[in-house]
Each structure stands twice: as structure tokens, then as C-alpha cells.
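Thanks for coming. Please have a look at it before I start.

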Amino acid sequence: MADLLDTGLAWLDGQRERFLTQAVRYRRSSQEAEVLATIGRTVFRLDVGMGVTERIEARDYLIGAGHLDPFDGPKAGDRIIEERDGQRHTAEVMAPGGEPAWRWSDPDRRIYRIHTKHLTTEPL
């Protein structure tokens, strides 16, 4: 008998890719691939000492693990290029405060949640 929860999660991931994604370019050095990504965010709260907390918001890209197989997964320093509204936005894979640059977004490790920092915006 098939695992009902696993089947449901696979179906939900298919729906996410079908209805909640846009094409972005994932780049490492000279290697580049167009992948489908769901755009989100993560809010990090960092204790900077003396009772002061810094709030940092990162733009996240949820990308199916299979899409990044040619790269052997995401790594800090990679770039994600997103084109929208007549502009090209480039972000670097990274997270603040020593946090990991990515984490799994689901229990079955099908989807990466990749944290980024905005680098540049330029007109197309």
C-alpha cells in the first residue's frame, strides 16, 4: 500500500510547480540553468548584544531539488537572476548571522528553501 501522506505531498508539490512558480536563472560560476521557483521570504531575528535584536528579511526561492541536480544542490555564493517588471534582479545565495544559506522546505526533502541577499537591479 502506498504512503498516503507521501502521495499527498508529491501532489501538492506538483500543484506548487504548476501554479505558484516563475522561471528564474540559477547560476554558479559559468554554469547556468533556468529553473522554476516559488518566491517567498524568511525573517531572521539576530541578537546583536546588549538587548538589541536586528530584524533581517531575506527573499527566498523554493526550488525543487531535482532542478538543481546539475549543481549538486545550492551553495552560498551562487546567484539567482529574476526578471520581472522590466528589470533584472540579481541575488546571492546567503543568510545572515551564520545561518545556513538554504534548508529543506518539506519533510521528504523535495524542495530547497534558498535564502538570498539582493545584489543589483538593472533595467532590461
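Some ground rules. This is a predicted model, so local features need pLDDT of at least 70 and side-chain atom pairs count only at pLDDT 80 or more, while totals for chains, interfaces and linings use all residues. Residues are numbered from 1 along each chain as its sequence is written, and side-chain values use heavy atoms, with hydrogens and water left out. Helices (H or I, at least four residues) and strands (E, at least two) are DSSP runs, numbered from the N terminus.

Now the salt bridges. Side chains of opposite charge can pair when their charged atoms come close. Here the criterion is a side-chain nitrogen of Lys or Arg within 4 Å of a carboxyl oxygen of Asp or Glu. The count by this rule is 17 salt bridges.

Back to Arg88. Its salt-bridge partner is Glu122, with the closest N and O atoms 3.3 Å apart. This pair links distant parts of the chain, since Arg88 belongs to strand β5 (residues 87–93) and Glu122 to strand β7 (residues 111–123), 34 residues apart. Glu122 also counts as partly exposed, because its relative accessibility is 33%. Both residues belong to a network of salt bridges that also takes in Arg25, Arg27, Glu32 and Glu83.

Which residue does Arg28 bridge to? Arg28 forms a salt bridge with Asp78, at 2.7 Å between the closest N and O atoms. Again distant parts of the chain are linked: Arg28 is in strand β1, Asp78 is in the loop between β3 and β4 (79–84), and 50 residues separate them. Arg28 counts as buried because its relative accessibility is 18%. Asp78 is buried too, at 3%.

The next pair is Arg59 and Glu82, whose side chains meet in a salt bridge of 3.0 Å, N to O. Arg59 sits in strand β3 and Glu82 in strand β4, 23 residues apart, so this is another link between distant parts of the chain. Is Glu82 buried or exposed? Glu82 is buried, because its relative accessible area is 0%, whereas Arg59, at 32%, is partly exposed.

On to strand pairing, where two strands pair if DSSP finds at least two bridges between them. β1 and β4 pair in the antiparallel sense over three bridges, and Arg25 has Ile81 in β4 as its bridge partner. β4 in turn pairs with β5, also antiparallel, over six bridges. There Ile81 stands opposite Thr90. The hairpin of β4 and β5 has two residues between the strands, and in it Asp85 takes a positive phi near 55 degrees.

Last, Leu20. Leu20 lies in the loop between α1 (4–19) and β1 (22–28) and counts as exposed because its relative accessible area is 55%. Leaving aside residues up to four places away in sequence, Leu20 is in contact (heavy atoms within 4.5 Å) with Gln15, Ala37 and Thr38. From Leu20 to Asp106 there are 86 residues in sequence and 16 Å in space, C-alpha to C-alpha.

Technical notes: Buried means under 20% relative accessible area, exposed over 50%, partly exposed in between (1.4 Å probe, protein chains only).
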